[in-house]
Amino acid sequence: MSDSSKFSDDRIDSLVRSYLADDSGAVDTAANARAVQQRLAQSTVADVIGIRRRHFRKAVRWAMSIAAVLLVGAGTAYFALGPKPTSAYSIMTAASAAITPDSDRCYRIEIASRGNRFKKHPILRNIDGSLLWTRGDRFRVTPDKTEGTLNMGQDDRRKFWVVCSENLGLSYNPGEVPQILAVARSVLNLDLEKLAKQFLEQYSFDFEEAGPDDGADTIVLRATALPNRPRLAIDNARLTIERRTNVIRKMELSRMADGEPLGTITFTLVSAEPQPASSYRLQHHLGPKAEILDREQSEERAKALRELLAP
Amino acid sequence: MTAAGLDAWLVDALPGAVAYATSLTGKRADGEDIVQDCICRLLKNSQRYNLLEDGRKLLFRSITNACLNLKRRRRRPVNLSELGGAKSDGPWDLADASAPSPPLELLTDELREAIAEGLAKLPVRHRAAIELTSLGYKPRELAQMLDVPPDHVRVILARARKALRAFLSLRFPE
């Protein structure tokens, strides 16, 4: 039966094998090996030691003897040549560890004007100069001096809200947010803990020279997405980290959408003053008799948003 | 295994593993992600295995599981009936897996595309069975890797070959 066919079992196997071999040739082995090594480096030191200990005890003893000799030399060089060099990755790890998810932080938002698709977004185009307060995945945008910026945010139940006026607010459950607001929410939801974790897992790091705007005593890192990570929302980032405290002072994020560059948005830390938890809720920004439109009034809510965003 | 041995093993195993995982997931990025993850887990536990002897088999088994789980999570059912005539088990036309692998065939672009498309239409377990067989794994090993009884491997493989044959015959009529 099948073997009399033009596509016998043997031929099918041969074709599949050839197809896989063909595709193997297109694999970037070096990039994948680097990615594996990077992932392994992120594992706990104990894991790595555990892998090798059983097989290489003798080698380790020898290595330790040699290392001891080298350490003496290295120690001399250390004190003679200045501070111990630290890898960009370990600095990012320290910056990640310095993030306190329950702390409030305020960032000034800047959007470069040239070649930025943010400028075409009806909400984000006006956001330059606004202040973003964050605490974990909560955030709120405070219109600074910019006209046309929405007063909006996300509360502790991940409800997204927009203030239309002192007497009217719009509230959206996580699954209801219209796309135009969802894009803004995605860009402004600066959950530092998650972001740092994502950087550590999916990006490589290099040092960059600090510029005059980076402040004194800072380290600048460039985070670049590891190869073949097309789904990442951030293609690369320039991170300015305070040397003494490991606090990330500035983030310039190159955002992507549908595989295309969306633009660069910069967040600069301006305050870490504690804020009342209620400031991340819609009610905090409305008058006592204000009306809140939610899913029960979805048509009115949509109409109010259209009016708010109308040019 | 020495560090140099590990590196050599990694460089040797990676391309084929990524090609296999890409074929199962349908996306290079997903394939690479799964392979990197599986290799890391394997290396972290390398003291339990002899990587030189069993590493490749363990890697492909772990990739198969990860791809099956991924497909399960994404819930993208594949309708086998689209391929036509693949419902019957038919006689078990399992080739002798102990025979040496057939030589590589020079693929035309058209044939390569057709194989990719035909494989993509197969349920992921069937795809895994036919690809692992083509790479020289025996039914007993396939049963372990796919976590199915040995007899069922034969059924899966027969269906996979039949469906792929039907697809290719339609694309390349006599």
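Trainee: How many cavities of 30 Å³ or more does the structure hold, and what makes a space a cavity?

Mentor: The structure holds 3 of them, where a cavity is a set of points, on a 1 Å grid over the protein atoms alone, at which a 1.4 Å probe fits but cannot get out; a volume is the space filled by probe spheres set on the points, which are joined across faces, edges and corners. This is a predicted model, in which local features need pLDDT of at least 70 and side-chain atom pairs pLDDT 80 or more, while totals for chains, interfaces and linings use all residues, and residues are numbered from 1 along each chain as its sequence is written. Chains are lettered from A and ligands numbered from 1 in the order in which they are written, and side-chain values use heavy atoms, leaving out hydrogens and water.

Trainee: Which residues line the largest cavity?

Mentor: The lining, meaning residues with an atom within 4 Å of a point, includes I99(A), R105(A), R135(A), D191(A) and L192(A). The elements that give two or more residues to it are β2 (131-135) and α7 (192-202) of chain A, helices being DSSP runs of H or I with at least four residues and strands runs of E with at least two, numbered from the N terminus. This cavity holds about 70 Å³, and its lining divides into 4 nonpolar, 4 polar and 4 charged residues.

Trainee: What makes up the lining of the second largest cavity by class?

Mentor: That lining has 6 nonpolar, 1 polar and 1 charged residues, with Y107(A), N246(A) and V247(A) among them, around a space of about 60 Å³.

Trainee: Why is the pair of Y107(A) and F267(A) called edge-to-face?

Mentor: Among 7 aromatic pairs over all chains, this one has ring centres 6.5 Å apart and planes at 85°; rings pair if their centres lie within 6.5 Å, with planes under 30 degrees apart counted as stacked, over 60 as edge-to-face and the rest as tilted, so the pair is edge-to-face. Y107(A) lies in strand β1 (residues 105-111) and F267(A) in strand β11 (residues 260-271) of chain A, so the pair ties together parts 160 residues apart in sequence.

Trainee: How do you know whether Y107(A) is buried or exposed?

Mentor: The relative accessible area of Y107(A) is 0%, and buried means under 20%, exposed over 50% and partly exposed in between, with a 1.4 Å probe and protein chains only, so Y107(A) is buried. F267(A), at 0%, also counts as buried.

Trainee: What kind of pair do F60(B) and Y137(B) make, and why?

Mentor: Their centres are 6.0 Å apart and their planes lie at 40°, so the pair is tilted. F60(B) is in helix α3 (residues 51-74) and Y137(B) in the loop between α5 (124-134) and α6 (139-146) of chain B, so parts 77 residues apart in sequence are tied together.

Trainee: Which helices and strands does chain B have?

Mentor: Chain B comes to 7 helices and 0 strands, and 48% of its 174 residues count as buried. Among contacts (heavy atoms within 4.5 Å) in chain B between residues at least 6 apart in sequence, 75% join residues at least 24 apart.

Conventions: 1 Å grid on protein atoms, 1.4 Å probe; cavity = no way out; pocket = protein on both sides within 12 Å on 5 of 7 lines; lining within 4 Å. Nonpolar A, V, L, I, M, F, W, Y, C, P; charged D, E, K, R; others polar.
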